[in-house]
Amino acid sequence: MKIWAEFIKGLWKENPVFRQLMGMCPTLAVTNAAINGLAMGLATLFVLLCSNVIVALIKHLIPDKVRIPSYIIIIATFVTIADLFLAAFFPEIQRVLGLFIPLIVVNCIILGRAEAFASKNNVKFALIDALGMGIGFTWALTLLGIIRELLGMGTVFGLQVMGTNFTPWIIFILPPGAFLTLGVLLGIINTFSNKKTTKTSCH
Amino acid sequence: MNEQRRMILVLSTIAIASGLILAGVFQWTKPKMDEVTQERQKTAILEVLPGAVSYKEVGNNEMVFEGLNGNNQRVGIAFIAEGGGFQGDISMMVGMDVDERKLTGMTVLSHLETPGLGARIEEESFRKQFVEKSVDDPFVASEDIDAITGATISSNAVSNILRESISRIIEDDQLGGSQ
């Protein structure tokens, strides 16, 4: 079924983090704890859903030459809504993500989906695409967060799992740990997916 | 020309719509956000002043509060201490017993320190070191205070901010001695 295929592609085959390598800034910056990765993923999922739907709805009204600024305004609006909403109702999460929420605006996965998918498909498919990509982004960030938190602090979602004798590898919750973890994960995933991308359209 | 006019029209419409929506959302979330800020401040003040059940602002200074016990007597003062940390400003609520010239508690309101390292200034094991310290104490990190491993700059910053704001508060005549 086409709907199912559009949904599932974001989870694995075209996963934004592991296959498309898009949105690297939040991927590397906020994943020092599992909860931060999950929260960032969900905030991105929300923005992606809203912007994809709106873009698909009004795509015929927007002149081609001003489509990018239009998309950016739409995305920025939803990011600000998400930021205000978190500040009012989930102040603790907003405190942790703080600086990174406004940066969702420039997360290229969101503009990328608006440009590559939502502007060419109807609302239903745009919604499904956003769901798949958003969930794909969320699980990737959560996985990175779990690994880095486990090695860097000995905890997962704040729960002690490594026992008291474990010496935390502090480097894993610092920026280099993000690169190390992502690099190893990408290597593993590339080994398991037989279909290597032979040629990429952009460099 | 027609094309240009349409571009301007569409972009302006989108921008105006966005502005209106954001104004609405802001109106809706503002009271809730103020509540959160108030609540956080209240929790912090009562936390750093054991025995206090309520508080009031001192003078017209929004940074200093007087903690009151059940009989409306002053148990101490709480004040916001701010200064530069490793990556950004650190803001703390500090409780002080004016009569005995000692600190009663410290809690971190906001900071931008490195998660897992400098951010550990929020943890109880670090904060409780400042309790019962005399206000004349120099708070030298790794001498009077155990600094956090891997976060010497953040630990020093906390000590320096405390030392500076305490001396400023003490100099303030409003608080000279008990009333």
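In chain B, 45% of the contacts (heavy atoms within 4.5 Å) with a separation of 6 or more come from residues 24 or more positions apart. The model here is a predicted one, with local features needing pLDDT of at least 70 and side-chain atom pairs counting only at pLDDT 80 or more, while totals for chains, interfaces and linings use all residues. Residues are numbered from 1 along each chain as its sequence is written, chains are lettered from A and ligands numbered from 1 in the order in which they are written, and side-chain values use heavy atoms, with hydrogens and water left out.

As for the fold, chain B has three helices and five strands, taken as DSSP runs (H or I, at least four residues, for helices; E, at least two, for strands) and numbered from the N terminus. Along the sequence these run α-β-β-β-β-β-α-α. Chain B is more spread out than a compact globule, because its radius of gyration of 22 Å is well over the 16 Å that the globule rule gives for 179 residues. That radius is taken over C-alpha atoms, and the rule is 2.2 Å times the number of residues to the power 0.38. Along the principal axes, the C-alpha atoms of chain B fill a box of roughly 75 × 45 × 25 Å. Of the 179 residues in chain B, 43% are buried; that label means under 20% relative accessible area, with exposed being over 50% and partly exposed in between (1.4 Å probe, protein chains only).

Next comes the interface. Here 26 residues of chain B touch 27 residues of chain A by the contact rule. The two chains bury about 2200 Å² between them, 76% of it on carbon and sulfur atoms; this is the accessible area (1.4 Å probe) lost on putting the two parts together, summed over both. Helix H1 (2-48) and strand S5 (102-110) of chain B each supply at least two residues of the side that touches chain A. H1(B) gives the largest share, 18 residues. By type, this side of chain B splits into 16 nonpolar, five polar and five charged residues. In that scheme Ala, Val, Leu, Ile, Met, Phe, Trp, Tyr, Cys and Pro are nonpolar, Asp, Glu, Lys and Arg are charged, and the others, Gly among them, are polar. One residue of helix H1 of chain B is Thr29(B), buried at a relative accessible area of 0%. Apart from neighbours within four places in sequence, Thr29(B) is in contact with Leu84(A), Phe85(A), Ala88(A) and Phe89(A).

Within helix H1 of chain B, Glu35(B) and Lys32(B) pair up at 3.6 Å, N to O; the two are three residues apart, so about one helical turn separates them. Glu35(B) is partly exposed at 48%, and Lys32(B) is partly exposed at 30%. Glu66(B) bridges to Arg74(B), with the closest N and O atoms 3.2 Å apart. Here Glu66(B) is buried at 5% relative accessibility, whereas Arg74(B) is partly exposed at 23%. Lys102(B) and Glu100(B) form another bridge, at 3.4 Å between the closest N and O atoms; Lys102(B) is buried at 17% and Glu100(B) exposed at 53%. Over in chain A, a network of salt bridges links Lys2(A), Glu6(A), Lys9(A), Arg113(A) and Asp129(A).

Notes: A salt bridge is a side-chain nitrogen of Lys or Arg within 4 Å of a carboxyl oxygen of Asp or Glu.
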